Protein chains: 2
Amino acid sequence: MFRIGELAKQHGINADTLRFYEKHGLLAPSARSDNGYRVYSRDDAQRLAFILRAKAVGFSLGEITELLSIEVNKSQRVCSDVKDVVDDKLMKVSEKIAELERFRFSLQLLSDGCCGGSHSAEHCTILQALESCEPADFSQLAAETHADS
Amino acid sequence: MFRIGELAKQHGINADTLRFYEKHGLLAPSARSDNGYRVYSRDDAQRLAFILRAKAVGFSLGEITELLSIEVNKSQRVCSDVKDVVDDKLMKVSEKIAELERFRFSLQLLSDGCCGGSHSAEHCTILQALESCEPADFSQLAAETHADS
DNA sequence: GTTGACCTTGGAGTAGACTCTAAGGTTTAT
DNA sequence: ATAAACCTTAGAGTCTACTCCAAGGTCAAC
């Protein structure tokens with residue numbers, strides 16, 4: 001049996017975060033003490049641990065809500081229900097990675113094309129690219145490498 | 001000379017977005033017509049194109065503000081000023097990718113460990129992992145592969 | 001009997017990038 | 001004359017995941 005501050009400290013989070021999770025239906029204390037303080041059971045603590053592990057692998061609170069709803073009556077649910085959630089997230093994460101890798105590629109081209117020296121930026125290839133390239137196509141820069149100052 | 005709707009349409013964005021950019025100091029029309037309508041010049045349109053290209057390579061509006069401030073008086077600025085912004089962003093993007101790749105790895109382990117079949121989720125390895133693994137360490141799952149239903 | 005550390009509530013603020021609404025003015029076409 | 005399609009403003013709402021605040025109640029120690 002833990003009070004909010006204890007439970008928070010144990011898990012390295014803020015008590016406000018626990019109140020926030022309660023407000024959003026992720027984790028409610030199973031009891032209140034006479035003075036109105038929240039009282040968390042060992043089960044509550046395990047549910048919190050579940051939430052934090054799910055967060056650690058990238059799930060959003062909305063997705064965690066979905067996972068929890070499967071978890072609480074898992075005898076009525078099947079493996080594919082769970083795996084679908086994971087695979088769905090896996091796809092979203094992969095898409096985000098792909099987008100960021102496109103960014104990284106373009107940024108690398110921009111960076112590679114620029115001397116980074118201390119002469120005037122008037123002919124800086126980075127600015128020129130942003131001023132006049134075809135949107136999101138900086139492949140020109142790949143060819144024209146620019147001597148250092 | 002373009003009105004807000006025209007310029008927005010040309011660039012495939014919302015007129016509200018242009019007003020938003022104006023409010024946040026990224027792009028103000030260089031004139032107003034007698035009736036108070038915003039009037040964008042060709043230069044304004046080019047500045048918008050700059051903004052959109054920068055967005056396309058992943059820069060946030062705050063970072064674009066910085067790039068624009070370099071761009072407008074580039075004769076006083078040097079190549080390294082520009083390259084620093086790009087390299088800084090490159091690092092941030094790479095860090096974000098690394099985080100997402102950790103997520104992807106963990107999610108893949110979870111997915112691989114689960115049969116995804118139609119039997120009860122009571123012994124689902126994914127739920128078990130989220131219930132009881134060491135936080136953010138799902139490497140156990142790598143070993144124990146689970147036969148399909 | 002008061003200090004300090006806890007707890008309660010409702011509600012506001014943060015960041016980022018829009019997006020929408022309300023209430024109204026202008027222009028163009030029919 | 002009027003409808004449709006534009007434009008104006010200020011301000012609110014959206015999403016995510018907290019984080020902080022004010023005003024007050026509770027409890028243990030000294």
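## Salt bridges across the model

Over all chains the count comes to 20 salt bridges, a salt bridge being a side-chain nitrogen of Lys or Arg within 4 Å of a carboxyl oxygen of Asp or Glu. Side chains of opposite charge can pair when their charged atoms come close. The structure is a predicted model, in which local features need pLDDT of at least 70 and side-chain atom pairs count only at pLDDT 80 or more, whereas totals for chains, interfaces and linings use all residues. Residues are numbered from 1 along each chain as its sequence is written, chains are lettered from A and ligands numbered from 1 in the order in which they are written, and side-chain values use heavy atoms, with hydrogens and water left out.

One of these pairs lies within chain A, where Glu63(A) forms a salt bridge with Lys92(A), the closest N and O atoms being 3.0 Å apart. The pair links distant parts of the chain, since Glu63(A) belongs to helix α4 and Lys92(A) to helix α5, 29 residues apart; helices are DSSP runs of H or I with at least four residues, strands are runs of E with at least two, and both are numbered from the N terminus. Glu63(A) counts as buried at 10% relative accessibility, while Lys92(A), with a relative accessible area of 41%, is partly exposed. In these terms, buried means under 20% relative accessible area, exposed means over 50%, and partly exposed is in between (1.4 Å probe, protein chains only).

In chain B, Lys96(B) forms a salt bridge with Glu99(B), with 3.2 Å between the closest N and O atoms. These two residues are three residues apart in helix α5 of chain B, which means that about one helical turn separates them. Lys96(B) is partly exposed at 40% relative accessibility, and Glu99(B) is partly exposed with a relative accessible area of 27%. Elsewhere, salt bridges that share partners join Glu63(A), Asp88(A), Lys89(A) and Lys92(A) into one network.

## The fold of chain A

Chain A has seven helices and two strands, and along the sequence they follow the pattern α-α-β-β-α-α-α-α-α. Of its 149 residues, 42% are buried. Among the contacts in chain A with a separation of 6 or more, 47% are between residues 24 or more positions apart, where contact means heavy atoms within 4.5 Å.

## How the two chains are related

Two copies of a chain are related by a rotation about an axis and a shift along it. Here a rotation of 180° with 0.0 Å of shift along its axis superposes chain A on chain B, with an RMSD of 0.2 Å, which is the relation of a two-fold axis. The superposition is made by least squares on the C-alpha atoms of residues with pLDDT of at least 70 in both copies. Of the residues of chain A, Ile97(A) comes closest to the rotation axis, at 2.9 Å for its C-alpha. The same surface serves both copies, as 100% of the contact residues of chain A recur in chain B.

## The interface

The contact takes 57 residues from chain A and 57 residues from chain B. About 5000 Å² is buried between the two chains, with carbon and sulfur atoms giving 73% of that area; buried area is the accessible area (1.4 Å probe) that two parts lose on being put together, summed over both. Arg53(A), Cys79(A) and Leu130(A) supply 14% of the area that chain A buries against chain B, more than any other three residues.

Between chain A and chain B the count is two salt bridges. In one of them Lys74(A) pairs with Glu131(B), the closest N and O atoms being 2.8 Å apart. Glu131(B), which lies in helix α6 of chain B, also touches Phe50(A), Arg53(A) and Glu71(A). Glu131(A) likewise forms a salt bridge with Lys74(B), at 2.8 Å, and this pair joins two chains because Glu131(A) lies in helix α6 of chain A and Lys74(B) in the loop between α4 and α5 of chain B.

## The nonpolar core

The largest nonpolar core has 82 residues, and those with the most contacts inside it are Phe59(A) and Phe59(B). Such a core is a set of buried Ala, Val, Leu, Ile, Met, Phe, Trp, Tyr and Cys residues joined through side-chain atoms within 4.5 Å. Not counting residues up to four places away in sequence, the residues that Phe59(A) touches include Ile64(A), Val85(A) and Leu107(B).
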